[in-house]
Amino acid sequence: MKTKISFILPLFALWMCACTNDDDQVTTPEPDETPTNIELVPLDLSSIDNGSRVMMQAFYWDVEPRGEWWNILSEKVDDWSASGINRLWLPVATKGQSGGYSMGYDPSDYFDFGEFEQHGTVKTRFGSREELENLITKAHNNDLEVIADIVINHNSGGGEEYNPYRDKNTFTLFDETHGNASGMFNRNYENFYPNSTSNYDDGSLFYPEQNLDHHQEYVQNWLWKNDNSVAKYYKNVMGFDGWRFDYVLGYEPWVVKMWLDEVGGFSVSELWDGNPEVLANYINETDSGVFDFSTFYKLDEALDRYNDLTYLEKEMLWQTHPDKAVTFTANHDTEKDTNEDNNISPENKLKAYAYILTHPGYPTIFYTDYENEDFKEQLKQLIKIHNSLASGETEILYVDNDEYIMKRKGNAENPGLILYINTSENIKKRLIKTNWNNSYLMDYSLNSMATPLSDTNGEAYIEVPANSYTIWSVTPTK
C-alpha cells in the first residue's frame, strides 16, 4: 500500500544553528522549540511501500550446532519476513566430502540433501532433507524466496582411479559407492579437465584435478538441461527459487547464461572483483546479478582503510546497474578474512549498512550482524527505511573526508530521504537543500532527536552525532 503525503506545511519558526567550520569547530546554539500548538507525527513507514526489499545471508562459516541449522533458521523466518526481508540465501545444501563438518563448498553428491549415509554421516552439517524441506515450505508461506548456493566448478570426495590424461591416479570416480550415493550425476575422469573434450582449464583455483568440464554435453545435461538435472531438481522438486553462483571466476560466463536461460529464477554471482566495469561486463554477458564488490571496497576505503568519505564519490556498480547490483557489507568469506582490507570493522558496520540501505541496489544483510544484539534494532529500522523512503534519484549534496550527505529525491507518492554520515569525533551540522519546503523534518534512524524546519526554499540545517549517521525525511503536523 502506498500513502500520498503532503509535503507543504505551514512555516512557523526557523530552527537556526551554525554549520561545521572547516577546522571542525562546531557551535551548537539551542534550536527554537517547536510551537506548543504543533504536534509532529512521524510517518508510518509501514504504510509506505516502495517495492524494494532485502536479502538475508542465512549462514556464516562453521555454523553451530552441527546438524540443527535448518531448524534454527525455521525459527527465525517469521521475524525476518516481518522485518522486510524477501529472500534467504542458504548455504550449500548438499553433501560435501567433509560430511557433517562440511559447509558444502567441497561438493560430492549434488542430490544428497541429508538422506544418504556417506562421508560419515546422513545429515549434512545443516540437517536432514526433511528439515530443509520444512524450512523451504515455511519460508514460502512467509512470502520469502529461497536461494540455493551453487558450486559447479570443483568437486571433492570421489574415489581413486587411474587417470590416463594425467598418467596417475586421481580422485575423480563419483558413483554409488564413491561419494555419490544418490546415483545421480555419476562422474569419472572423463568429466574433469583434462579429457578427450578439453585439454585444460586455466580458471581453476580449487581442486584442479576435479574441475568439471562444462563443455561436455553430459555435464551440461546433468547440471541444467535434463528434467532431473541439478538446476531443475533444485527448482521443481526441492523448491528453490534462485541461485547464488559460487566462484564464477572458475568457469566461463556462458555457463551461467545457459543455466538461467534454461531454468530462470533470481541469480547473483560471486565475481570477486572491485572494478565496476568488470562487474558490469559480467552482467551484460550473463544477465545475472552480481555481488557489488566495487561498493564493498569503496565502503572499506572510505570508512576503514583511508578514513576518507570522498571515496564514496567514486565509481560503483549500483550507479549503472542498480537492478543487478547486490550490495553487502559482510559475508562468510570477508568476516573470516585475516586481511583487514577485505572486511569492514565492527565500529563502522552500521554506517556501511546505512549507506547500502539508502542507496540503489539490492542489499544483503549478514546473519551474524542481524543477530548481533548491538546491531539488530538499528538494522531493523534501516530495513524499514529502505523498504519505504529509499526511493527516487540519488544526489550527493556534500562530501569531504569525514562528512557525506546524500539525497534520494522520492516521487509524488514518496518523500524520499537524506542520509548524513559522520566519521569525526564531533557533532556535525550543515545547511542543505532538501526536497521539502516549509516542512518539519525528523531523523528516522532515531540517532538524533532534532526537528529542524525547512524554509520556503527547502533549505534546512540537519545534524548528525559524532561517528554516526542520520536519515532525514518529513514529519507531518497536526
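A salt bridge here is a side-chain nitrogen of Lys or Arg within 4 Å of a carboxyl oxygen of Asp or Glu. With that in hand, here are some notes on this predicted model.

1. Let's start with a pair that spans much of the sequence. Lys-76 and Glu-371 form a salt bridge, with their closest N and O atoms 3.3 Å apart. Lys-76 sits in helix 1 (residues 69–82), while Glu-371 belongs to the loop between helix 10 (367–370) and helix 11 (376–388), so this pair ties together parts that are 295 residues apart in sequence. By the same rule, the count comes to 34 salt bridges.

2. Next, have a look at how helix 4 and helix 5 pack. Helix 4 covers residues 230–238 and helix 5 covers residues 253–263; the angle between them is about 40°, and their axes lie 10 Å apart. That angle makes helix 4 oblique to helix 5. As for handedness, the crossing of the two helices is right-handed.

3. Which residues in helix 4 and helix 5 meet? From helix 4 come Val-230, Ala-231, Lys-232 and Lys-235, and they meet Trp-259, Glu-262 and Val-263 of helix 5.

4. Lys-232 forms a salt bridge with Glu-262, and here the closest N and O atoms are 2.7 Å apart. Since Lys-232 lies in helix 4 and Glu-262 in helix 5, the pair ties together parts that are 30 residues apart in sequence. Glu-262 has a relative accessibility of 37%, so Glu-262 counts as partly exposed.

5. Now for a pair among the strands. Asp-402 and Lys-428 form a salt bridge whose closest N and O atoms are 3.6 Å apart. The pair links distant parts of the chain, 26 residues apart: Asp-402 is in the loop between strand 13 (394–399) and strand 14 (403–408), and Lys-428 is in strand 16 (residues 428–433). Both Asp-402 and Lys-428 are buried.

6. Finally, a group to view together.

Technical notes
Residues numbered from 1 in each chain as written. Predicted model: local features only at pLDDT ≥ 70, side-chain atom pairs only at ≥ 80, totals over all residues. Heavy atoms only, no water. Axes fitted to C-alpha atoms, helices over the stretch in contact; angles between N-to-C directions. Helix = DSSP H or I, 4+ residues; strand = E, 2+ residues; numbered from the N terminus. Parallel < 35°, antiparallel > 145°, perpendicular 65-115°, else oblique. Left-handed = near helix turned anticlockwise from the far one by under 90°. Contact = heavy atoms within 4.5 Å. Buried < 20%, exposed > 50% of the residue type's maximum accessible area, 1.4 Å probe, protein only.
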